[in-house]
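Please find below a colleague's note on the structure shown here. The points are numbered and may be read alongside the sequence and the model.

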Amino acid sequence: MSNASDDSREPLVEKHVAESKQEQPWMVYLSTFVAVCGSFAFGSCAGYSSPAQAAIRSDLSLTIAEAMRVSSAFCVAGWLAIFFAKGVVALDLGRLATGYGMGAFSYVVPIFIAEIAPKAFRGALTTLNQILICTGVSVSFIIGTMVTWRVLALIGLIPCAVSFLGLFCIPESPRWLAKMGRDTEFEAALRKLRGKKADVSEEAAEIQDYIETLERLPKAKALDLFQRRYIRSVLIAFGLMVFQQFGGINGICFYTSSIFEQAGFPTRLGMIIYAVLQVVITALNAPIVDRAGRKPLLLVSATGLVIGCLITAVSFYLKAHDMAHEAVPVLAVVGIMMYIASFSAGMGAMPWVVMSEIFPINIKGVAGGMATLVNWFGAWAVSYTFNFLMSWSSYGTFIIYAVINALAIVFVIAVVPETKGKTLEEIQAVVNQ
């Protein structure tokens, strides 16, 4: 797509956005709410914690909404199995079912939101995915200190049930319908999302033109991701997932209480502050993501992660060398809170936002599934190695994480494009330049 073509379309696109804002497309908000119930369920499960992936969608030719329904059903079955468990087999089966459902949600939800949302506030709506994950984790932790584990599992059913039932009331992704050649349903879904009086002709034409171009390409397979025309999209998405996880988040998240305990800070107080802070910062971040842009938030976030890691490293260095005893817990708390605030401000949500935007629709299923797998492998690797690293050197562990986050800054500057204010089709033109 040439620059001249972009320039000629821009006034029409801006006009469309203005009309969409005037119409107050409530169906987009309702659809986003139903979708992020899956994110809340994911966060609730992360309170128990278990990763998986969602390759079954392509094998069974499921739509995006159907994939979320299947995930919700798995979660409901899993939580019920946990609630009624009388032994280890039922408990393991319940965890397996919720793990599968959460793995699917982690990929499908941001993709669905990105495909239904107008570009003017797509970033903010996609960020809701991370907000609800953080909220689910925090609620699970706080409620879990007051109720039994069986009751906690029963509470986990609530967002799953809302998501499962709500998905029967919202439209399918217009882009998916267009890709499947269901033109009448495509236009009806787009009009339902944008409002009855909104002029969707320009947006519909843009989507159809892009779909027609993609239909001339062969169906993508896993090895096709390494073809030249896709390699930059893959590099951006996979790179962000690697830096998000190997920057240390899951090690720090899963072992925060242990970190506070080692530093001599009250564990329960530290965990409550941690839980509240990540929700508040992520929520405050949502309104500005479409104004500040993805790239600046990633850079600010990664810089804060480096500083947080270094402050925590200093705390453990002082403790290891028996110096400044009173400063050790203060520095540890400041460092960890700086880390989680910075992660919540960008690196937590933005890789998922960018991943949902960056892939062409013909490889979105394969590439998104692989990116999610990379993310979960990183989560496993970091959480598995964290205790070993801390036993080797507590301050050395955080120095390693600081270096990785510093490399993330370089990666974002050099490789990641800005996607704010662009349609998904315009983003592909930028990436493929």
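**Salt bridges and other features**

1. By the rule applied here, the count comes to two salt bridges. The model is a predicted one, and the points that follow should be read with this in mind.

2. One of the salt bridges is formed by the side chains of Glu357 and Arg294, with an N to O distance of 2.5 Å. Glu357 belongs to helix α19 (residues 350-358) and Arg294 to helix α17, so the pair ties together parts that are 63 residues apart in sequence. Are these two residues buried or exposed? Both Glu357 and Arg294 are buried.

3. The side chains of Glu185 and Arg182 also meet in a salt bridge, at 2.9 Å from N to O. Here Glu185 is partly exposed, since its relative accessible area is 40%. Arg182 is likewise partly exposed, with a value of 34%. To be called buried, a residue must have under 20% relative accessible area.

4. Which residues of α10 are buried? They are Phe186, Ala189, Leu190, Leu193 and Arg194. Viewed down the axis of α10, the buried residues fall within an arc of 120°, so they line one face of the helix. After α10 comes Gly195, whose phi is positive, near 110°.

5. Helix α14 (residues 256-263) may be examined in the same manner. Its buried residues are Thr256, Ile259, Phe260 and Ala263. They cover an arc of only 95° around the axis, which puts them on the same side of α14. Just after α14, Gly264 takes a positive phi of about 85°.

6. A positive phi also occurs at Asp322, with a value of about 55°, although this residue is not a glycine. Asp322 is located in the loop between α17 and α18 (327-347). With a relative accessibility of 55%, Asp322 counts as exposed, because the cut-off for that word is over 50%.

7. How many aromatic pairs does a search of the whole structure find? The search finds 11. In one of these pairs, the ring centres of Tyr317 and Tyr395 are 5.1 Å apart and the planes stand at 80°, so the pair is edge-to-face. The pair links distant parts of the chain, as Tyr317 lies in helix α17 (residues 294-320) and Tyr395 in helix α21 (residues 394-415), 78 residues apart. Tyr317 is partly exposed, with a relative accessible area of 37%. Tyr395, at 25% relative accessibility, also counts as partly exposed.

8. The rings of Phe386 and Tyr401 have their centres 6.4 Å apart and their planes at 5°, so this pair is stacked. Phe386 lies in helix α20 (residues 364-392) and Tyr401 in helix α21, 15 residues apart. Both Phe386 and Tyr401 are buried.

9. At 1% relative accessibility, Ala408 counts as buried. What separates the C-alpha atoms of Ala408 and Gln244 in the model? The separation is 8.4 Å, while the two residues are 164 residues apart along the chain.

10. The last point concerns the surface. Trp26, Tyr29, Leu30, Phe33, Ile158 and Val162 form a nonpolar patch there, with about 600 Å² of accessible area together. The elements that give two or more residues to this patch are α2 (26-48) and α8 (157-166). Helix α2 provides the largest share, four residues. Val162 is placed in helix α8. At 33% relative accessibility, Val162 counts as partly exposed.

Methods:
Residues numbered from 1 in each chain as written. Predicted model: local features only at pLDDT ≥ 70, side-chain atom pairs only at ≥ 80, totals over all residues. Heavy atoms only, no water. Patch = residues over 30% accessible without salt bridge, like charges linked within 9 Å, V, L, I, M, F, W, Y side chains within 5 Å. Areas by Shrake-Rupley, 256 points an atom, 1.4 Å probe, with all protein chains shown as cover. Salt bridge = Lys/Arg side-chain N within 4 Å of Asp/Glu carboxyl O. Buried < 20%, exposed > 50% of the residue type's maximum accessible area, 1.4 Å probe, protein only. Arc of directions from axis to C-beta. Phe/Tyr/Trp six-rings, centres within 6.5 Å; stacked < 30°, edge-to-face > 60°.
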